[in-house]
Amino acid sequence: MNSKLIIHYILLLILVLFSQISNATSCDNKVENNTCVEILVKSNTGQNLIDMVVYLEPLDGQVLEKSHKEVVVGQFGKSFSPYLSVSQINSAVNFINRDDITHHIYSAGNENKFSFKIRAGKTNSSTKFEHASEVAMGCNIHDWMSGYLLVVNTPYFDKTDEHGRASFNIAKQGKYKVVVWHPQMQVNTNRMTIEKDIFEHESLTFILKDEIKTIPIQESDDDFDFLSDY
Amino acid sequence: MKSLQNKIFLFFVLLLLMVQSIAFWTLYNGKQNQEAAEINNRLTTAKTIFTELFDRRLAYLSAFAETAAKDYGLKEVFNEDTRSLLFALNNHRKRIDADLVMTVSAEGIVNGQLQRYFINDAEKIRQGVEHGSKFRFIDWLSAGKSAHLYMIDDALYQLSISPVTVGTKTLGWIAFGFQIDQRLADEFTSITGLDTDFILRIDGIWRLISISQQDANHADALSLALQIIENNAPDQYIATHSLITELDEQELGVAMHGLKANFVALLQEQWWRFLILAILTLVVSLTSAYFIAASISKPIKRLVTQAKVIASGDYQQKVTLNDNNEIGQLADEFNNMQSAVLQREEAIMHLADHDPLTDLPNRNMLNKVLKKITAQQQLFMVLHLNLSRLKDVNDTLGHDVGDEVIKELANRLQRLCKAKNFSLLVHLGADEFILLAEHLDIDETIAQLQVELESTFDYQGISLQLQVRIGVALCPEHSADAKLVLQMADTALHHTRGTGKLVQIYHPDLDVNTVERLSLINDLKQAIPAGELELHFQPKLSLKTNVITHVEALVRWQHPSLGMISPDDFIHIAEQTGQIKALTRWVFITALAQFNAWRALGLNLNIAINIAAKNLKETDFHQFICQSLMNANVPAEKVTLEVTESSVVEDPEAAIKLLSEFKNHGMKISIDDYGTGYSSLAQLKQLPVHELKIDKSFIQRLEHDDDDQIIVRSTIELAHNMGLHVVAEGIEDEFSLNWLTEHGCELAQGYYISKPKPATELTPWLLERLNSEVKGKEEKVNT
């Protein structure tokens, strides 16, 4: 009995897992009248690339609902975590300091430049990003920390999953600019763009021409003994 | 001069020169090496300093660029308005006093550039000319290398580029630069002392960037710098260089150089200083060496001088050295030796001047004193003393006693000498003494002597008479020459032996040993062979018959330079020098020849020939006489041999024997000079003689001297009583002739009758006498 039960559980678990996977590879929650756009990003060697920013920008003046995704730019372990964050213009971006030390987060050289100190464990959501742009962030205290916030003017943005996929339920069909962006992507402005009239379910695959650069490790070059006691 | 001092000095000189040479050579080499090392060191240092300086500037730039790139303020304004950016850049520039600051946007556009420049030493900042233009070296930006050489117009910068990032996002680049210009060159020159040129190669062409201010050689600076960079600098330069290559596109050449002369000047000065020091050292060393050598040789020189002093006979000076070393010891030994030599020499001198037996001065001392006295032209008397019969004492009592006698005599004479004013007593040796007296009264002196010697000397119970015979000579009465005076005293003493007198004062007649006589000795040898001798004959008159019956052969010497020499002068010499043998024999043979000559003329004369005492000792004399008679065929009874009384006295037995043989042979024997020889009548009795020849000393004054008459009369009587004939010689007047005739003298000889004459003169006289006799007889017969 027991063994049957155990086998049943196992089978059930496998089924759940499978269903999870299948979910991830398709539009999440299929909404009626919505068109599913699936995007696969592959490296030049054909490998699926994770955490590539993908967003679709409406080109036909489609009025879209504002995204309600909570955007978090976390600092943990004296590094930006996640490395990449994406947010829609004028959305709240939560800078959460999960470290036990103060960070001085800033960005410069673009329209969305900002700068503030954020104490340990605090969250700062005061900054408004009004311009769609790539916001390179650093910490004035921890020089090696490097993170990006991509501010886009569209609610359709995501990062590829571990299979290199991202999917969007497009509410309003029309022409879209499909962009794949990553700071380490070795093309001009670090992005690949496809303009596409989306009227039906689409599966788009981006294959990088060049090898994507390794994401710089956010670690101090120096071996600070004192940091552990900090 | 190879003196010890010079040798030592020379040794020192050589040693010092050698040491100095080695030192000098070593230092010279060292100096050369040092110079090369110094130059090399200096150049290496210069190059190192330059590299260090250059790199440091770069590191400084680089560090600052990195720091500035992280500046948030800068990042904030990086893409903002240019003025804000430039202000921010200038703030940074000022912090390190950079000459150039610039930013390049992410797109490669120079979006900010400030250049510093100088106008009249006043510093100005201006916006760079490249503002807004594209950065010329895009590839520098992505390359990891931050250091670059960057040229704007003519200005060359040392540039360091650093990216300005936000996280990993590159906002752009910021670069800081120091200009490579005269200021750098001067700074470098002030540190290294070397002129510094900067040249830059762009597109294969070298151009001059800047040179240090003091580099006078502006015109050729580029070519000189190029030569230096090619390691081909002219000889008068010391130079090094450094090359900084910028990606093959451009190359900065740094030429550092200086004139070798300027650089070496300091070393040269040191070198001169050393040379002067070396010379000074040498001079001081040599001076010291000289004094050391002198200090060593000085005492030796003093010893040498002292040795010379000693050699010259001066033993009084001592040499004193204040050294305790070997030389000092040598000096002490020297003094000891000197006194030892002095003592010995004094002993030797004493021995040389004194008689070992009596310790009285000897002949040496006498000579010295005489020399002195003669020099002072003093009057003095020499008494030559001879102790009589010393030989008898020696023979009978032994030489020890003889010596004692001599000592006793010496003591007494010494006493006398001390008491009276005798200036010197000399013991000539054996039994001979000399007394020098300044007191010239002979009689008084002799009397004193005799008083002193009067008492007998008792030796071990034997009583000995100290009888002394004395010869006296006076200076300057007899001679001014002291040596001659001495000889005269000797002669006088010698004479006493013949006469038996105790005191004899010198008179010239005593002296047979004259210089003239010495020359005669030699000449006499030549006289017989040279025919210088001739015979004279003196007739003897028979007083009974008044007829010349005898002649005496007398030898005469016709000396080639001295003329006629009397036999008295040379017979004695002949006797003493052994020439009497030849002389007598010549006389004998010549006389026999004359006998025969006269016999041929009818003159029958007995010839008397003088025989010397020495002749009687000749072993073959008898044989010669007999042989000669036989040869000449002369009857023995026609020859009379005249022998002096004294010649018989010397060895009576032998003489008697020989004379007896002559007598037996038929010859007549006559005693010559009778009355002078003190011959005893006992001897006379034994002598085999026929006649006595009374000495002329008794005959010459016969007329006036009664004593002589008595002697002659007695002698004649004595002779007659003994059966002897009497011959009187020296008849010089008629009285003597008549007196002798009256008293029965048989034969008479003398000037009154005839002088001795050569045969040639005498023969006519004899013939005349013979004829008158014959006439007289005829007249007698006729009457």
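Two strands pair if DSSP finds at least two bridges between them. Helices (H or I, at least four residues) and strands (E, at least two) are DSSP runs, numbered from the N terminus. The model is predicted: local features need pLDDT of at least 70, side-chain atom pairs count only at pLDDT 80 or more, and totals for chains, interfaces and linings use all residues. Residues are numbered from 1 along each chain as its sequence is written, while chains are lettered from A and ligands numbered from 1 in the order in which they are written.

Chain B contains an open sheet of six strands. The strand order is β3-β2-β1-β6-β5-β4, and the pairing is antiparallel. Strands β3 (122-127) and β4 of chain B lie at the edges, each pairing on one side only. Neighbouring strands are turned by 25° against each other on average, direction ignored. Axes here are lines fitted to C-alpha atoms, for helices over the stretch in contact, and angles run from 0 to 180 degrees between N-to-C directions.

Contact between two residues requires their C-beta atoms, placed from the backbone, to lie within 7 Å.

B:Ala147 has B:Ser160 in β5(B) as its bridge partner. The two strands form a hairpin with two residues between them. In the turn, B:Asp153 has a positive phi of about 55°.

The axes of α1(B) and helix α7 (residues 260-311) of chain B come within 9 Å and cross at roughly 165°. The two helices are therefore roughly antiparallel. Angles under 35 degrees count as roughly parallel, over 145 as roughly antiparallel, 65 to 115 as roughly perpendicular and the rest as oblique. The crossing of α1(B) and α7(B) is right-handed. By class, their contact has 24 nonpolar, four polar and three charged residues. Ala, Val, Leu, Ile, Met, Phe, Trp, Tyr, Cys and Pro count as nonpolar, Asp, Glu, Lys and Arg as charged, and the others, Gly among them, as polar.

Helix α5 (residues 182-192) of chain B packs against α1(B) at an angle of about 140°, with the axes 10 Å apart. This pair is therefore oblique. The crossing of α1(B) and α5(B) is right-handed, that is, the near helix is turned clockwise from the far one by less than a right angle (left-handed if anticlockwise). B:Ala46, B:Ile49, B:Phe50 and B:Leu53 in α1(B) meet B:Phe188, B:Ile191 and B:Thr192 in α5(B). Six of these residues are nonpolar, one is polar and none is charged.

Further along chain B, the axes of helix α16 (residues 580-601) and helix α18 (residues 621-632) come within 10 Å and cross at roughly 25°. That makes α16(B) roughly parallel to α18(B). Their crossing is right-handed. From α16(B), B:Arg585, B:Phe588, B:Ile589, B:Leu592, B:Ala593 and B:Asn596 take part. They meet B:Phe624, B:Ile625, B:Ser628 and B:Ala632 in α18(B). The contact has seven nonpolar, two polar and one charged residues.

Chain A averages a pLDDT of 83, and 82% of its residues score at least 70. The pLDDT is the predictor's confidence in each residue, from 0 to 100. Over residues 15-25 of chain A, the pLDDT is below 50. Beyond near neighbours in sequence, this stretch has four contacts in the model. Chain A has an open sheet of three strands in the order β3-β5-β8, with mixed pairing. Its edge strands are β3 (71-75) and β8 (123-124), each pairing on one side only. Two bridges join strand β5 (residues 93-97) of chain A to β8(A), and the two run antiparallel. A:Thr123 in β8(A) is the bridge partner of A:Ile96.

Between the chains, eleven residues of chain B are in contact with 15 residues of chain A. On the chain B side, α2 (72-78) and β6 (169-179) each supply at least two residues. The largest share, four residues, comes from α2(B). By class, this side has four nonpolar, three polar and four charged residues.
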